[in-house]
Structures are given as C-alpha cells and as structure tokens.
Amino acid sequence: MESLSDTQWDVVISGTGLQQSLLALALSRSGKNILHVDPNDYYGGPEAAFSLPEADEWAERHRADGRDGSLFAGAEVKREADGLASPRAYTLALAPQLIHSRSKLVSQLVDSKAFRHIEFLAVGSFFIYQPPSEASSASLSRIPSTREDVFSNTAIPARSKRSLMKFLKFVLDFDSEPRTDVWHPHTDEPLDVFLASQFKLDSALQSYIITLTLSQDGKVSVKDGLTTIHRHLTSMGVFGPGFAAVYPKWGGLSEVAQVGCRAAAVGGAVYMLGTGIKHVRKAQSEDAQTEANLEIELTNDMVVNTKRLVKGSEQSTASQRISRLTAVTKSDFSSLFELQTEGAPIPAVTVVAFPAGSVSTEEGKSSEYPVYALVHSSDTGECPSGQFVIYLTTVHDASSKSILEKALSSLVAAVQGDDEASPSPCIYQLYYDQCGGTPSLVVDDSTATFPLPPVDLAFNDSILDTVQEAWNMVMGGSNEEGDEYMKFDDREGGNDDDAFD
Ligand SMILES: *[C@@H]1O[C@H](CO)[C@@H](O)[C@H](O)[C@H]1NC(C)=O
C-alpha cells in the first residue's frame, strides 16, 4: 500500500463533528481519495457522546473560563458517592438536538441509505413549568400542538381555545397569500407582541407558542417564529401518530456523525483519530502535472499532500453562548412519557420549558431567559433502565449556572409532586458553557472552514447547505459523472458494511 505521505489526497477533512462527517458521507461513493483526521481520540467533535469516564476526562480538559473564545468552557462535574451504575452504562451527548420529521437531514440520510444504521426514537410531549403559587404547587402543563390536543385540553378556557385554533390554522399555511399580508408588515417584530395583537392570545398561550419555537433567548421574531412553528406542526404525524420530531438512539447526532464516517471508511477513506493539523503550507509546484496545492503537517509529524482541506472552526467569533447542565437522576420521570395519542410509539424524549422569570437563584434573582430541559428515558440508551438523563440549557450569563441548578431541582420537585425542591436530586451532573455559530461556510482558495455548530435545540437545516457547499468545492470541476449530492444507488445486496465490519 502506498504510504499516506506518498498518496495524492483529493481532500483532507479535519474533525469528525456532524458537518465534517456528513461531508464524508456525501463523498463516500465519489471515488475521491479522502484522509479524515481528528485531534480528539473520539468521533463526533462537538456532537460527541461520552461514557462517564470519558465525560470526566473531557470536563478536565474544558475547565478554563472560555475567555479565549474556545468552543466549550467552564466544565465541572459533580457526582454522588452511590447510585451510579457501571460508568460505561451511560452515553451523555454534548449537544443533543431534536430532529424534526420534516427536516432535510432525515431525507438526506434516507437517500444516502445511511439511515439503516440509525434507530430513530420519538420525541413526545412538550411541557411548560408552572411555578408554585399560593393556590397550587409547582406543576407541568402539556402544550397542545394539534387540533385534537387543543380540543381535549381541559386547562384552556373555551375562548382561548378558539384563538389558539385560529392561530394554528394560520401557521399551517402562513407562507401563502393572503396570510403573508397579515405578517409581512411585522416580519422582524417580536412574536409574542404579534400573537397578542393579531390573535388575542393571552400571556399563557403566548408562552406555549414561544416554547414550541425552542428559542434559546425567547426573543424570536415573527418570521423565524412562524417558520419554526410551521416546521413543528407539519412534522407532526409524518412518521407516525403523536410526534413531530425524532432523536437517534445512543447519543443523538453523535450517531449520525459516526454513521457518516463509517460510510466513508467503507468507501475507502482513511481515518486517523488523535491526529490534528499542525501546519498548512501552499506546496511549491515544481511539476505542473501535480494538482496538489496544500502540504499539511500533522501533529504526528507526518506530511501529506492534498488538493483541498475542509476543517471546522475552533474559535468562536460569534457572541452566542449558552450554559448547559446535564444530569443523571434516579427520580421517577416516567409520568412525562405517558402516551397521549392512540397508536403512537412510546416517546424516549420529552421537552420541558421554564419561561423567563419562572425560576430564581438562591439570591432571589429571577431567570432572564427561558430554560429548556430535554428529558431522556433509558430507551435512548443513554442511561440504565430506571434512570433518566436531563439536558438543561439557557443563555449564558453570570447567574446561568445557579438558574440551571434551580430549574433542575424545581423540575424534580414538580414531577414528584413535592413542594420543596430537594437540594441534590441527581447522581451525576456535568456543567459547561458552549459557544455557537451561524451556519455559513468560509472558503479561502482551496480551504473551507465550517462554522461552529449552532446551539439550537432542534437541528437547523441550513447546516446542510454548508455541507453541500463544501461538497461542491471538493467535487470542483471534476464532477463529470454528474453525481447528485447525497443520492446513492443501493449497492448489491445492500450490505454496504461487510468490508468494514
Ligand atoms: C437556521 O439558521 C439560519 C441561519 O443562521 C437562520 O436564519 C434560521 O432562522 C434558522 N432556522 C431555524 C428554524 O432556527
């Protein structure tokens, strides 16, 4: 076999996060010479999923405060002495996201045949946290998101139901005339104001709708809000009754990334983990015949030649920063996973939103932004049976850590029906901050750089546009076969992976 240094690579891909891995998948049948490296010794980059020892080690490496603009910062682990099962029985996702059934990601995985290796689980109900009042203790109320749901909901007064129905009907067809006339003049206004003025939705219903947008700061514009709620409503029922989104078993997008890399490996790509890029130089072209124009020195001192380089960005330039708290609990959360629709699959993930102002720190400062909790049952394969993993997020600020801790204990208290939040409801907790980017590919000559992944709670399809742009760059003028992006014929027998396994 030719040595790696002697090989003329068509592309070197650095990092095995979702974007790079989808690119690897897209190129997997292209016949290109692909060298895929990752400085980490695990797959998945910012979308990785970890066992507890791996999470501990990762946290150790990401303790710094992040003022240098690093993607992850401020990591901290807390664990109880007992209660944890074997540390390998956990798979904690660094950046879990729901995938709406109508997302292009799902259809691209289907077209590429890669979906066969992924088990998609249903995302069930969305809840809103209702803080305790003089009259009642804290509770969770389920957000109705279909007509049937609204009809059967007993918590919403009849008049409000009519307004809500009118709004849901509007959203289903919001992007055609004459409905566009209603919202176009308000495109960039805040959605809650629009909901109040145009649909007479009260503040409770407004927060239901805002929750469905999963907006991290809760300040979503009319255009973005209508777009995301439309995505939610039209995704409902696509893969079966009662759910609008899916989540890949065993760690979410980390599974998708691994499937992408695996497909590329089957197609002949060479993988090197624990190997990063030290230097990139423009190669001196002594011989006009060689197309190589980059000389890359790897961290293992090997030098390789390639026509193109695609990498992920390592530093944040964007201001978007969120705080995350991932907790493993033995508290019984099974009531959140009860079936609401006949014939629906049992959900493995539910969403709980804490509207801005609904939780406060010990010092009495109330939350300025919403907090979201994705609650995962053991069906996700992320924890042993009888336990749950809760992924909380909120916009980063000076008090976000204590807000997340308070939201966590309030959530446990609300589910257990206790008034008092127990101080330490969880057996393992991992806290950290993450910076996010906006999807846009930076192309500089023969190098393309993916942005930091956005910190959204639902997968944003515009990431796929950046992947396709990178694919176009790599395919360059050489796409004579007229290969279609992510469209593969079934290989004989459909057993793609025999060579790999
Ligand atoms: C996806 O990202 C684009 C680009 O940042 C943004 O304009 C759009 O609003 C996002 N879409 C959703 C549904 O969040």
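**Ligand shell**

I started with helix α9 (residues 222–235), which gives the largest share of the shell around the ligand, 3 residues. Helices here are DSSP runs of H or I, at least four residues, and strands are E runs of at least two, numbered from the N terminus. Worth noting: this is a predicted model, where local features need pLDDT of at least 70, side-chain atom pairs count only at pLDDT 80 or more, and totals for chains, interfaces and linings use all residues. Residues are numbered from 1 along each chain as its sequence is written, and side-chain values use heavy atoms, with hydrogens and water left out.

I listed the surrounding residues (a heavy atom within 4 Å): Asp-224, Thr-228, Arg-231, Thr-438, Pro-439, Asn-460 and Ser-462.

Next I looked up polar contacts (N or O pairs within 3.5 Å). A side-chain N or O of Asn-460 sits 2.3 Å from a ligand oxygen; for Ser-462 I got 3.1 Å to a ligand oxygen, and for Asp-224 3.4 Å.

**Salt bridges**

I found 15 salt bridges (side-chain nitrogen of Lys or Arg within 4 Å of a carboxyl oxygen of Asp or Glu) in the structure. Asp-10 pairs with Lys-307, closest N and O 2.8 Å apart. Asp-10 is in strand β1 and Lys-307 in strand β13, so the bridge ties together parts 297 residues apart in sequence.

Notes: A polar contact is a pair of N or O atoms within 3.5 Å; within protein, one must be able to donate a hydrogen and the other to accept it, and residues adjacent in sequence count only if both atoms are side-chain atoms.
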